Amino acid sequence: MKRPFDGPIGAIGGALGGGPPKAPRTVGMAIKMLVTAKEAGLLIGKGGMTQKQIAETTGCKLHLSGINEHYPQTSLQELSIKADTSEMVANGVLAVLGKLSEETGKILGGEWEVEEGGARVHFIVPTQGARNIIGRGGENVKMLREASMMKVHVEDQIMGLGDAAEQVISLAGPLQNMQIALPMILEKVEELATQPFFANWAFSCLAATGAGVKGTLGKGKGMAMDGFKGGDAFKGKGKGKDMGGMGMGGMGMGGMGMGGMDFGKGKGKGKDEFASYGGGAANTQANIDMLSQAVSALPSSLGPDRSQQILFNCAAGYVSALIGKAGAGTKQIAMMTDTKIMIREIEGNPNERSVVIKGNVINVAAAYLHLASRLANVMQTVSPDAPPMS
């Protein structure tokens, strides 16, 4: 389900070379959202019928990034809703939310646990729109919170450059209160709709282009889906150097928050190479069902408990490839769950390194699965005749 051009969901559009010059793209009003892969599937429907029905009943155009085209620093797809008027866009958003809540009466928005009748919704607006929503001294966002009785968090981090610069607005609270919050958000975005840059922003898709992030990462703030708290800054113990990495809370029990860089003390002799984060998946339906049952059986008290850990040894010859250039390997794993990963020297054992994963129980397990998969691939690349990883 690629999205190289701005056609309907799942469609392949755009002319290739030649022909008359294209007319400038115009749009009356637009807003974007972040959705999980499951939510994207619900919106598309069988044969694209759900997307078509929403478009026909609301007059909106819905455009979704591909299944493997994730919004920067997340595992979520980007949904754009465009129409001639703000009212039509509001109807489109409410139709989308209605569809996503059909099965369970709530919208998870990437979280595991959401109260009955609750919603976790993440909008994307132009950076100037985010400023309008905050208002002078925060007066507008305060009014939004009081009127809607929802938690509202405007992400500090700016995504994209130039006309595509944008920020995420995360809301948490009763689903029915979205009918109050949504018009207030759209009103502030609509103030920009006549600006020359707005159409370019409306038709841009950072998920489809793989665009990076503008500005610095961290200071403990970010996409906090579970009460809007940022990633934790970790501090090790003892000797050594602990290079804390980006912390994006996962789609599991944790929130999604960009963590600050932690240059604290490592534990034990040697140095902790990187602190990073990951999310896991199984390759077969049987394994997926098994993992799902295990997660369902967990008591809710384990959600905030970040004291869980897994430790295993890795051959020293594979460590560099496992970490990747400038830590890219473990940092990529880092982007989906809120677990800290440390690779340390083992005193008296120069042939192996110790790999420690810390966090809550679900994210630790997910991080281990990703690391095991990456290590197996590294072993096959470095030593094709090596036996399977024990």
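In helix H1, which spans residues 37-44, the residues Glu-39, Ala-40, Leu-43 and Ile-44 are buried, where buried means under 20% relative accessible area, exposed over 50% and partly exposed in between, with a 1.4 Å probe and protein chains only. Because they cover an arc of only 140° around the axis, they lie on the same side of H1; the arc is that of the directions from the helix axis to the C-beta atoms. This is a predicted model, in which local features need pLDDT of at least 70 and side-chain atom pairs count only at pLDDT 80 or more, while totals for chains, interfaces and linings use all residues. Residues are numbered from 1 along each chain as its sequence is written, and side-chain values use heavy atoms, with hydrogens and water left out. Helices (H or I, at least four residues) and strands (E, at least two) are DSSP runs, numbered from the N terminus.

What do the buried residues of H1 pack against? Their partners are strand E1 (29-35), helix H2 (49-58), strand E2 (61-64), strand E3 (77-83) and helix H3, with contact meaning heavy atoms within 4.5 Å. After H1 comes Gly-45, whose phi is positive, near 75°.

The packing of H1 with H3 (residues 86-100) has an angle of about 110°, and the two axes are 9 Å apart. Axes here are lines fitted to C-alpha atoms, for helices over the stretch in contact, and angles run from 0 to 180 degrees between N-to-C directions. The angle therefore makes H1 roughly perpendicular to H3, since angles of 65 to 115 degrees count as roughly perpendicular, under 35 as roughly parallel, over 145 as roughly antiparallel and the rest as oblique. On the H1 side the contact is made by Glu-39, Leu-42 and Leu-43, and on the H3 side by Val-96, Lys-99 and Leu-100.

Elsewhere in the chain, Pro-126 is found in strand E4 (residues 118-126) and is buried, with a relative accessible area of 1%. Leaving aside its neighbours within four places in sequence, Pro-126 is in contact with Ala-165, Glu-166, Val-189, Leu-192, Phe-197, Phe-198 and Trp-201. Pro-126 and Ala-202 are 76 residues apart in sequence, and 8.8 Å apart in space, C-alpha to C-alpha.

Ile-341, in strand E12 (residues 340-346), is likewise buried, with a relative accessible area of 0%. Between Ile-341 and Gly-359 there is a separation of 18 residues in sequence and of 9.0 Å in space, C-alpha to C-alpha.
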